[in-house]
Amino acid sequence: MSSIVYRNIVNGVEYKPENEEFIEIKSPIDESVLGKVTAMSQADVDFVMESTKKTQKYWATVNVHEKAEILYKAADLILERKDEFADLLMREICKDKKSSLSEIVRTADFLKFTADTAKSLEGESIPSDSFPGFNRKKVSVVTREPLGVVLAISPFNYPVNLAASKIGPALMAGNTVVFKPATQGALSGLYLAKIFKDAGLPDGVLNTVTGKGSVIGDYCVTHPIVNFVNFTGSTEVGKRISRLTEMKPLLMELGGKDAAIVLKDADLDLAVKNIVAGAYSYSGQRCTAVKRVLVENEIADVLVEKIKNEVEKLSVGSPLDKDDVVVVPLIDEKAADYVEELMEDAKAKGATLLTGGQREGKLIQPTLFDNVTKDMRLAWEEPFGPVLPIIRVSNMEEAIEIANESEYGLQSSVFTQDIEKAFYIGNRLEVGTVQVNNKTERGPDHFPFLGVKSSGMGTQGIKYSIESMSRPKAVVVNLHY
């Protein structure tokens, strides 16, 4: 692929600032230059924000059916271009072909379901006499209003799906959107924005910004025109956004340390299948990846041996060389350095390295540690890499205690054939979602998806996202008779 300039779409046209600077986007696979994006200045951001604000009042008046038709058309175009789109994903973020295609198709499905859901949302009327002391001479008619301008910030690992999951609900709620993709993932994000334009989205309803976080990151989230920030990324950045913004609603999906709790009565083959898929697909570069296993001592030896056997079968390498690859190079050298630090700390403190542990550039071999203890960083920190720690526990109460000691609270899995134990543990885990006999994962996309503690703020999921990016508006009719 030639090194071309991927332009931001602002007011329906390619934006070319004066004295333009560029950021090269290189493939994690071989460091080849895939393209360039504009390194926008704060003045450029001001122009984009003003433009997006101007179109919001018009967009809010467009009826829901017309908005839905644009999302349906965008979904159709995504599917028409899925092979080209998936190829870009593979090269830009080093995602395997199957997962890349899956992300594209899922995004199209998400947009269609979002349009359907928005068309079915209804307001309500509330009579006054249901409250003590009032007669039936007041009626509150409640509808939902857009918030205004939504800033959507997507991560590198799902640059299409986690962009659309912000943009689609925001648009259907009547907001206009400023979309800032992660730098690594920006080409895919701008490709998606172009599809919305081609689908007939009016000029200025969705505008994009790209640039260096050190220059425009804080400036965007604190911009007075922005009415809502929808962010997916690291907990570190999420906490910074929370500190910087004042009186500005946030919806944030941050880091996780998702635990798979395996009880002694579990179906071990089912548990192993889900744990390995959950921990190692896309090299564990997912917020919902299984990031630790808490297993009861009685079955630990058997479970660990089964996991080890499956991990050693995983396909490793470049997604351009083989279609079935599971463990791929990490997104950059910094990410690989961090994973290596966690592995070295675990080894130095006595963890048992069962398989893997080697690094070749950005590629970390699928790694499994047993006998991980609470004094090791790997027990608590999120590697965002293909490294899985096994922590042995005496009973389910200890498993619950260790799971809840984490600063994170995204998801957990519980593997057991006792439904009462599943609910007992599920009700005590401090997470947004508990998966019973399944790996931790996002979706289906109409389910609520949320994190507690340092894993996020607010609730996503199609209906929930639309509601998050809108507000109730009450008109009280007073009857005089």
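# Chatting through the predicted model

Reader: Noted. How accessible is Val237?
Author: Val237 has a relative accessibility of 37%, so it counts as partly exposed. In space, its C-alpha is 8.6 Å from that of Leu254, a residue 17 places away in sequence.

Reader: What follows α8 on the way to β12?
Author: A loop lies between α8 and β12, and Met247 sits in it. Met247 has a positive phi of about 55° although it is not a glycine.

Reader: Is Met247 buried or exposed?
Author: Exposed: the relative accessibility of Met247 is 87%.

Reader: Where else does a non-glycine have a positive phi?
Author: Ser283 is one such place, with a phi of about 55°. Ser283 belongs to the loop between α9 (268–280) and β14 (292–296). At 0% relative accessibility, Ser283 counts as buried, whereas Met247 counts as exposed.

Reader: Nice pair. Let me zoom out. How many helices and strands does the protein chain have?
Author: The protein chain has 14 helices and 27 strands. Its radius of gyration is 24 Å, close to the 23 Å that the globule rule gives for 481 residues, so the chain is as compact as a globular protein of that length.

Reader: And what does the C-alpha trace span?
Author: About 75 × 65 × 40 Å along the principal axes of the protein chain.

Reader: What share of the residues is buried?
Author: Buried residues are 56% of the 481 in the protein chain. As for contacts with a separation of 6 or more, 72% of them involve residues 24 or more positions apart.

Reader: What about the surface and the charges?
Author: The accessible surface is about 20,000 Å², and carbon and sulfur atoms account for 50% of it.

Reader: On to sheets. What is the strand order in the six-stranded open one?
Author: The order is β10-β9-β8-β11-β12-β25, with mixed pairing. β10 (206–208) and β25 (456–457) stand at the edges with a single partner strand each, so one side of each has no neighbour in the sheet.

Reader: How does β8 pair with β9?
Author: They run parallel, with five bridges joining β8 (residues 149–153) to β9 (residues 176–180). Within that pairing, Val150 has Val177 of β9 as its bridge partner.

Reader: And which residues of β11 are buried?
Author: On one side Phe228, Asn230 and Thr232 are buried, and on the other Val229 and Phe231, so both faces are covered. That is five of the five residues of β11 (residues 228–232), so the strand is largely enclosed by the rest of the structure.

Reader: How does β11 pair with β8 and β12?
Author: β8 and β11 pair in the parallel sense over four bridges, and β11 with β12 (residues 250–253) likewise has four parallel bridges. Asn230 takes part in both pairings: Ala152 stands opposite Asn230, and in β12 the bridge partner of Asn230 is Leu251.

Reader: Which strands does β7 pair with in the antiparallel sense?
Author: β7 (residues 138–146) runs antiparallel to β6 (residues 124–127), with four bridges joining them.

Reader: Quick switch to prolines. Where does Pro202 sit, and what is it in contact with?
Author: Pro202 is in the loop between α6 (186–198) and β10. Beyond its neighbours within four places in sequence, Pro202 is in contact with Tyr58, Trp59 and Ile70. The C-alpha atoms of Pro202 and Tyr58 are 9.8 Å apart, although 144 residues separate them along the chain. Pro202 is partly exposed, at a relative accessible area of 21%.

Reader: Is the peptide bond from Gly443 to Pro444 cis or trans?
Author: It is cis, with omega near 0°. Pro444 is in the loop between β22 (433–436) and β23 (449–450).

Reader: Last one: what does Thr107 touch?
Author: Setting aside residues up to four places away in sequence, Thr107 touches Ile78, Val160, Asn161 and Ala164. Thr107 lies in helix α4 (residues 97–120) and is buried, with a relative accessible area of 0%.

Methods
Residues are numbered from 1 along each chain as its sequence is written. This is a predicted model: local features need pLDDT of at least 70, side-chain atom pairs count only at pLDDT 80 or more; totals for chains, interfaces and linings use all residues. Side-chain values use heavy atoms; hydrogens and water are left out. Helices (H or I, at least four residues) and strands (E, at least two) are DSSP runs, numbered from the N terminus. The radius of gyration is taken over C-alpha atoms; the globule rule is 2.2 Å times the number of residues to the power 0.38. Buried means under 20% relative accessible area, exposed over 50%, partly exposed in between (1.4 Å probe, protein chains only). Contact means heavy atoms within 4.5 Å. Accessible areas come from the Shrake-Rupley method with a 1.4 Å probe; for residues, only the protein chains shown count as cover. Two strands pair if DSSP finds at least two bridges between them.
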